Amino acid sequence: MLSRLMSGSVRNLEREYLCTVRLLDDTEYTCTIQRDAKGQYLFDLICHHLNLLEKDYFGIRYVDPDKQRHWLEFTKSISKQMKSQPPFTMCLRVKFYPPDPAALKEEITSWLSFSHKR
């Protein structure tokens, strides 16, 4: 019985990955994601954590083992995009700068877009 419980726990660990995302202010957000989680799920978690509603200007970037930078594709599985082994490390970055910063509705969007070093 104990071996069956332990093997179930191991199976759960194999289905979940630890993921750390460095935010624009150099703090880190750490979470656990399912093996088949798509990029949109992680992005939504981060936006919820930051209370960020105007999401279109941001993306998640990661560096592969060959030191190449890539944008995480939100429609694809995270684990299939990452060439490294878990735990995964990524960064929230500004993907597009607003053409008219005065038209932004949320102060947090402006602050994240323009207040931090890149």
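Mentor: What follows starts with the chain as a whole, turns to the pocket, and then takes up the aromatic pairs and a helix.

The model is predicted. The protein chain holds four helices and five strands, and along the sequence these run in the pattern α-β-β-α-β-β-α-β-α. Of its 118 residues, 35% count as buried.

The largest pocket has a volume of about 170 Å³. Its lining consists of Arg 22, Arg 61, Tyr 62, Val 63, Arg 69, Met 82, Ser 84, Pro 87, Phe 88, Thr 89, Met 90 and Cys 91. By type, seven of the lining residues are nonpolar, two are polar and three are charged. Two strands, β3 (58-63) and β5 (88-94), each give at least two residues to the lining. β5 supplies the largest share, with four residues.

The C-alpha atom of Thr 89 is 10.0 Å from that of Tyr 29, and 60 residues of chain separate the two. Phe 88, by contrast, has a relative accessible area of 2% and is buried. Both Phe 88 and Thr 89 are among the residues that line the pocket.

A pair of aromatic rings is described by the distance of the centres and the angle of the planes. The count of aromatic pairs in the model is two. In one of them, the ring centres of Tyr 17 and Phe 88 are 5.4 Å apart and the planes stand at 75°, so this pair is edge-to-face; the cut-off for that class is over 60 degrees. Tyr 17 belongs to strand β1 (residues 16-22) and Phe 88 to strand β5, so the contact ties together parts of the chain 71 residues apart in sequence. Tyr 17 is buried, at a relative accessible area of 18%; the limit for buried is under 20%.

The other pair is formed by Phe 43 and Phe 74, and this one is stacked, with 4.6 Å from centre to centre and 25° between the planes. Phe 43 sits in helix α2 and Phe 74 in the loop between β4 (69-71) and α3 (78-81), so that distant parts of the chain, 31 residues apart, are linked. Phe 43 is buried, with a relative accessible area of 2%, whereas Phe 74 counts as partly exposed at 22%.

Helix α2 covers residues 39-50, twelve in number, and spans 17 Å from its first C-alpha to its last, close to the 16 Å expected at 1.5 Å a residue. The buried residues of α2 are Gly 39, Leu 42, Phe 43, Ile 46, Cys 47 and Leu 50. Seen down the helix axis, these buried residues of α2 fall within an arc of 135°, so they line one face of the helix. Just after α2, Asn 51 has a positive phi of about 60°.

Key. Residues are numbered from 1 along each chain as its sequence is written. This is a predicted model: local features need pLDDT of at least 70, side-chain atom pairs count only at pLDDT 80 or more; totals for chains, interfaces and linings use all residues. Side-chain values use heavy atoms; hydrogens and water are left out. On a 1 Å grid over the protein atoms alone, a cavity is a set of points where a 1.4 Å probe fits but cannot get out, and a pocket is an open set with protein on both sides within 12 Å along at least five of seven lines; lining residues have an atom within 4 Å of a point. Grid points are joined across faces, edges and corners, and a volume is the space filled by probe spheres set on the points. Ala, Val, Leu, Ile, Met, Phe, Trp, Tyr, Cys and Pro count as nonpolar, Asp, Glu, Lys and Arg as charged, and the others, Gly among them, as polar. The expected span of a helix is 1.5 Å times one less than its number of residues. Buried means under 20% relative accessible area, exposed over 50%, partly exposed in between (1.4 Å probe, protein chains only). The arc is that of the directions from the helix axis to the C-beta atoms. Rings of Phe, Tyr and Trp (its six-membered ring) pair if their centres lie within 6.5 Å; planes under 30 degrees apart count as stacked, over 60 as edge-to-face and the rest as tilted.
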